[in-house]
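Subject: Handing over the model

Hello,

Here is the structure we talked about. Please open it alongside this note; the findings follow below.

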Amino acid sequence: MYLSTLKVENYRAIRSAELDLDNTTVLIGENDCGKSSLLDALARVLDDDIEDGGLTFEPREFHHAKGEDSASGPIRIRLGFEERRPGEWSDKVYQPIAELLPEISKKPRKLYLDLQADAVNEGSSQATWQLESPDSHRKTSDSAVFQWLRQMAPIIRITGGMLTGHEINHEPDTETSPAKTAPSPEIAQLIQRILESTSALLSRNTSSMSAELDNGFAAARELMETRDNYIDWGMLALDKAIGEILGKDLKDLQSSSIALNESGSYAEKLGFLLLVAALLREHPEGFLPHAEPIWIIEDPEAHLHPMTLASLALMLGHIDWQKIVTTHSGDFLAAVPLKRIRRLTRYNGIVHQYRVREHALSLEDLRRLGYHQRTRNSVASFSRLWLLV
């Protein structure tokens, strides 16, 4: 499920905000511009644990205008989903939303998930929601459809420091739900090998960096080759997620012609292990086979050497799943196409996004901008004003 727009009203620091998203979107902006609140709102809808299909919001989560005791209004969050190509949602895996959709046309079809929670003075506020097709005007509030949508578009949220194992903001969930059983000792051992190898590489606490890298890569390959184990494990598949990080088809990865622990450069392997280790920390249970997770990666430069950050940026380019990245690194930003960058500002609670539209600059202008400003003076990308002469 491709997320094309995010609209938020009266949530935390945000009175009003609307964000356009690409397959890769990089957010920049000064502190307190609303980046974290926008991502928190998205995660609240798609990632938080819920009971009986409902979400609740505490009084502190409602936006209050400066000097006002009462909330500015109800929290409203709208997620806009869109087909990547006309007819994509005709596949049988999208059967839960089939009744909402209009007939296939030349334009991609859209769906809007709208949530609203009314402000309360005490206690929590229960959110109501509905899924609507703007073309057919059909709507549903079926909790089963809501849960299906959340499973099809789960969040992989990697906050600053989590790529290195620092600043992990939750304890690992050791409990198992009725839908799955605990992983086998063999699988748990492979996961542990990957995490330990990544930690040793980052801390340089190893006698041989290349041998440690190969050990972690070999464990990742073995993990993907245990596909049947993951399908039995609650019909979840981490192997597909790991294959996605490499930007290669799972069948190709498992073929005898490709040796996973021998392919790619040192930089590619290190970037790959960083992402796999973060994924295993955040979602050790995996995803549904047809799910398309949304990566949220906040400040990937935290605790990383510039060369390691370059390795990570290289691997992010391989991932086809949607990515939303925040950064304060000029070097990282310089590697991102200009059209993918959104600069956010916030004034009186209203968040504005600024971007350079595709084809707004000529190829010669882009070349000059890329060399003189983005490459040679990358920190200038964070300036409030670009003076182009």
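A charge counts as sitting over a ring if NZ of Lys or CZ of Arg is within 6 Å of the ring centre and within 35 degrees of the ring normal. The charged end of Arg 44 sits over the ring of Phe 57 in this way, 4.4 Å from its centre. Arg 78 does likewise with Tyr 112, at 4.2 Å from the ring centre. Keep in mind that this is a predicted model.

**Overall**

The protein has eleven helices and 14 strands. Of its 389 residues, 48% are buried. Its accessible surface comes to about 19,700 Å², and carbon and sulfur atoms hold 47% of that. Take contacts between residues at least 6 apart in sequence: 72% of them join residues at least 24 apart.

**Confidence**

The average pLDDT is 78, and 79% of the residues score at least 70. Residues 167-181 have pLDDT below 50; beyond near neighbours in sequence, that stretch has 18 contacts in the model. Residues 227-237 are also below 50, with 28 such contacts.

**Aromatic pairs**

The count comes to three aromatic pairs. Two are described here.

One is Tyr 11 with Phe 57. Their ring centres are 6.3 Å apart and the planes stand at 80°, so the pair is edge-to-face, the cut-off being over 60 degrees. Tyr 11 is in strand 1 (residues 2-11) and Phe 57 in strand 4 (residues 56-57), so the pair ties together parts 46 residues apart in sequence. Tyr 11 is buried, at 0% relative accessibility. Phe 57 is buried too, at 1%. Phe 57 is also the ring under the charged end of Arg 44.

Another is Tyr 94 with Trp 148. Here the centres are 6.2 Å apart and the planes are at 80°, so this pair is edge-to-face. Tyr 94 lies in the loop between strand 5 (75-82) and strand 6 (110-117), while Trp 148 lies in helix 2 (residues 143-152), so the pair ties together parts 54 residues apart in sequence. Tyr 94 counts as buried at 6% relative accessibility. Trp 148 counts as buried at 11%.

**Nonpolar cores**

The largest nonpolar core has 48 residues, of which Met 1, Leu 79, Ile 97 and Leu 113 touch the most other members. Elements giving two or more residues to this core include strand 1, strand 2 (14-20), strand 8 (128-132) and strand 11 (294-298). Helix 1 gives the most, with six residues.

What does Met 1 contact, leaving aside neighbours within four places in sequence? Its partners include Phe 81, Trp 89, Tyr 94, Ile 97, Trp 148 and Leu 149. Glu 292 and Gln 322 are also among them.

A second, separate core has 42 residues, including Ile 187, Ala 220, Leu 280 and Met 315.

**Backbone**

Most residues other than glycine have a negative phi.

His 137 has a positive phi of about 60° and is not a glycine. His 137 is in the loop between strand 8 and strand 9 (139-140). At 58% relative accessibility, it counts as exposed.

Asp 299 has a positive phi near 50°. Asp 299 is in the loop between strand 11 and helix 9 (306-316). At 25% relative accessibility, it counts as partly exposed.

Best regards

Technical notes
Residues numbered from 1 in each chain as written. Predicted model: local features only at pLDDT ≥ 70, side-chain atom pairs only at ≥ 80, totals over all residues. Heavy atoms only, no water. Phe/Tyr/Trp six-rings, centres within 6.5 Å; stacked < 30°, edge-to-face > 60°. Helix = DSSP H or I, 4+ residues; strand = E, 2+ residues; numbered from the N terminus. Buried < 20%, exposed > 50% of the residue type's maximum accessible area, 1.4 Å probe, protein only. Core = buried A, V, L, I, M, F, W, Y, C linked by side-chain atoms within 4.5 Å. Contact = heavy atoms within 4.5 Å. Areas by Shrake-Rupley, 256 points an atom, 1.4 Å probe, with all protein chains shown as cover. pLDDT = per-residue confidence, 0-100.
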